[in-house]
Amino acid sequence: MLQVRLQKQYPPRRDSAGFTLDIGFTAAAGVTVLFGPSGAGKTLTLDSIAGFVRPEEGRILLDDQILFDAAARVCLPPRLRRCGYVFQNYALFPHMTMRRNLEFAASGSRNLERHRKINEMLERFHLTEVAGRRPHELSGGQKQRGSIARALLGGQRNGGARVLLLDEPARGLDVPLRRELYAVLRQVRGEFGVPLLLVTHDLEESFELGDEMLVLREGKIVQTGAPSKVLAQPANLDVARVLGLQNLLPVEIRALDPSRNSSRLRYHEFDLNGPYFPGRLIGDRVWIHAPPASLNAIPREGKPGANQVPASLTNVIEKPDGLLLQFNGDLAVHIPRAGFEPHRSVREWLIEFPPASLKIL
Amino acid sequence: MPMDWFPLWLSLRVAVISTAISLAIGLWLAWLLANRDFRGKELLDAAVALPLVLPPTVLGYYLLVLLGRHSPLGQIYEWIFGSPLVFSEQAAIVAALFHSAPLLIKSARAALESVDRSYERAARSLGASEMRLFWSVTLPLARRSIFAAVALAFARSLGDFGVTIMLAGNIPGRTQTLAVAIYDAVEAGNGAVARVLVLIVSAAALIILTLANHFIAGPETPGRPAVSERF
């Protein structure tokens with residue numbers, strides 16, 4: 001269990017705006033994803049936990065041990081924190097073999113115990129055959145597994161790492177290697193009862209691995225929760241933008257009818273029928289999110305019908321599972337490839353918003 | 001006139017000993033400058049570089065004042081070893097040390113700083129002490145550049161003239177190093193001896209520089225893995 005509350009300020013300089021990190025969270029066993037755009041303070045958070053950076057305020061608690069406490073003036077050096085850190089470039093020592101790399105991490109425990117531990121790790125991460133090789137003779141996947149195994153062994157004097165910190169481990173990896181990494185991380189989550197703190201700005205990765213997701217923006221946590229919950233119901237426009245959601249529409253609520261579970265929304269000069277929104281009032285100006293896959297696009301013929309908005313096609317983007325049609329006014333609709341073929345030359349379209357597709361942020 | 005080889009042996013001895021001392025002190029200072037933030041760091045950095053820009057005679061003068069027979073340090077030395085430091089072989093070693101150490105410290109600092117910080121962070125987070133980090137990670141990763149720095153320092157201490165003549169003087173058979181002997185031979189109109197010694201010094205310097213370059217631009221520089229190595 002990792003409990004973090006910290007503040008760190010970087011005052012504005014001539015060549016850079018100031019930055020303030022001010023966050024608090026708890027990470028239990030399982031994968032906690034720190035998600036956010038670059039410059040949100042994700043890596044700074046990891047570095048503060050690992051002890052590479054000293055925050056000004058706050059407290060970091062790991063399994064009831066205080067790693068940092070500003071009020072009590074406690075700040076353990078990195079070597080005493082037992083935080084396994086997986087670096088983006090793996091940081092396996094290039095002048096040592098894989099086995100020596102693990103031995104470096106496991107030093108401090110007695111010889112026999114250390115030998116057994118290292119062999120077990122090599123076995124678990126399928127590195128026994130390449131234990132005698134140096135990092136530059138290893139494949140990307142082997143280096144990846146090696147750096148994770150080494151991080152888990154770190155602080156062996158007291159029983160190994162108690163938390164695993166991963167700084168964008170999948171960045172720059174090709175798809176097969178990425179799959180491999182996810183499999184290894186799932187293995188670690190299952191076999192070692194330690195919290196994994198994963199920094200990423202990849203939404204798919206957050207979904208694939210995350211038990212819990214912390215959305216960071218400009219040094220603050222803007223939302224927490226299971227990734228699917230966060231995506232289904234972003235707390236506000238900021239979160240929706242950070243998540244990269246499309247079709248965010250500013251609307252005004254014109255009518256609300258709980259008995260028929262319906263509402264009427266004004267979007268520019270169009271009326272849209274939506275579901276009933278509890279807790280909202282007529283006249284509220286809110287942001288609506290309508291996932292591209294939940295909308296329909298129809299070639300425009302005549303006047304727009306109910307819940308239809310006219311729009312001009314600006315771009316067609318190929319996606320693995322269909323096409324993403326982009327329209328003026330920042331609208332996007334995801335449709336199957338076959339549905340678009342007959343209308344390839346059509347420019348003017350109608351976008352249909354099924355009432356159930358409209359969600360208030 | 002038969003060739004007197006004493007200056008060559010003396011210079012080699014002086015260079016070896018002064019390089020060894022300068023490595024021991026210089027590595028520590030370089031580590032300090034590369035890794036620690038402390039008050040007066042800028043000043044120390046400048047002071048370390050000072051001998052590189054001061055005229056050798058000025059440096060020699062300072063050392064003479066600092067270590068002369070009437071100075072406290074000189075008297076302590078004399079009390080311990082029974083003979084004065086100045087105008088002895090040991091003085092030549094001190095002169096070579098001050099002449100060459102700045103170069104070693106500067107290059108060693110750059111070498112230590114060129115090691116990717118993530119290796120050091122990794123070592124620390126894996127529970128390594130600063131000592132262990134230095135001896136098992138930083139130093140091995142920077143070793144090629146450090147070898148090069150040592151080679152340069154050795155070449156420089158082999159050829160010092162100004163500081164040596166101020167502090168150790170020009171006593172044939174006792175403190176007359178190569179560079180001083182060359183000056184002496186030219187002064188005395190002994191062109192043949194001067195030519196031989198000049199050629200020896202030039203050849204030695206050339207060989208050492210080639211060696212240093214080989215270390216710097218060697219086939220593998222483990223401290224800086226190529227980007228492509230990641231994939």
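Helices (H or I, at least four residues) and strands (E, at least two) are DSSP runs, numbered from the N terminus. With that in hand, you can find A:Arg59, which sits in strand β4 of chain A. Before you start clicking: this is a predicted model, in which local features need pLDDT of at least 70 and side-chain atom pairs count only at pLDDT 80 or more, while totals for chains, interfaces and linings use all residues. Residues are numbered from 1 along each chain as its sequence is written, and chains are lettered from A and ligands numbered from 1 in the order in which they are written.

**Stop 1: all of chain A**

Select chain A and zoom out. You're looking at nine helices and 21 strands, with C-alpha atoms that fill a box of roughly 80 × 50 × 50 Å along the principal axes. Now colour residues 2-242 as domain 1 and 248-360 as domain 2; these bounds come from an automatic or database domain assignment. The centres of domain 1 and domain 2 of chain A, taken over C-alpha atoms, are 40 Å apart.

Of the 361 residues in chain A, 37% are buried. Here, buried means that 20 or more other C-beta atoms lie within 10 Å of the residue's own, exposed means 12 or fewer, and partly exposed is in between, with C-beta atoms placed from the backbone.

**Stop 2: an open sheet**

Next, pick out five strands of chain A in the order β2-β1-β4-β5-β6: they make an open sheet with antiparallel pairing. Its edge strands are β2 (19-27) and β6 (74-75) of chain A, each pairing on one side only. Two strands pair if DSSP finds at least two bridges between them. Zoom in on β4 (residues 57-62) and β5 (residues 65-69) of chain A, an antiparallel pair with four bridges. A:Leu61 has A:Ile66 in β5(A) as its bridge partner.

**Stop 3**

Which residues does A:Arg59 touch, not counting residues up to four places away in sequence? Show A:Arg5, A:Ile66, A:Phe68, A:Asp69 and A:Ala70; contact means C-beta atoms, placed from the backbone, within 7 Å. A:Arg59 has 18 C-beta neighbours inside 10 Å, so it counts as partly exposed.

**Stop 4: strand β10**

Now select residues 212-217 of chain A, strand β10. Five of its six residues are buried, so β10(A) is largely enclosed by the rest of the structure. Strand β3 (residues 30-35) of chain A pairs with β10(A) in the parallel sense over four bridges, and A:Thr32 stands opposite A:Glu212. Strand β11 (residues 220-225) of chain A also pairs with β10(A), in the antiparallel sense over five bridges; there, A:Met213 has A:Gly225 as its bridge partner. The hairpin of β10(A) and β11(A) has two residues between the strands, and A:Glu218 takes a positive phi near 50 degrees.

**Stop 5: over to chain B**

Finish with helix α5 (residues 89-113) of chain B. Of its 25 residues, 22 are buried, so α5(B) is largely enclosed by the rest of the structure.

Note on methods
Two residues are in contact if their C-beta atoms, placed from the backbone, lie within 7 Å.
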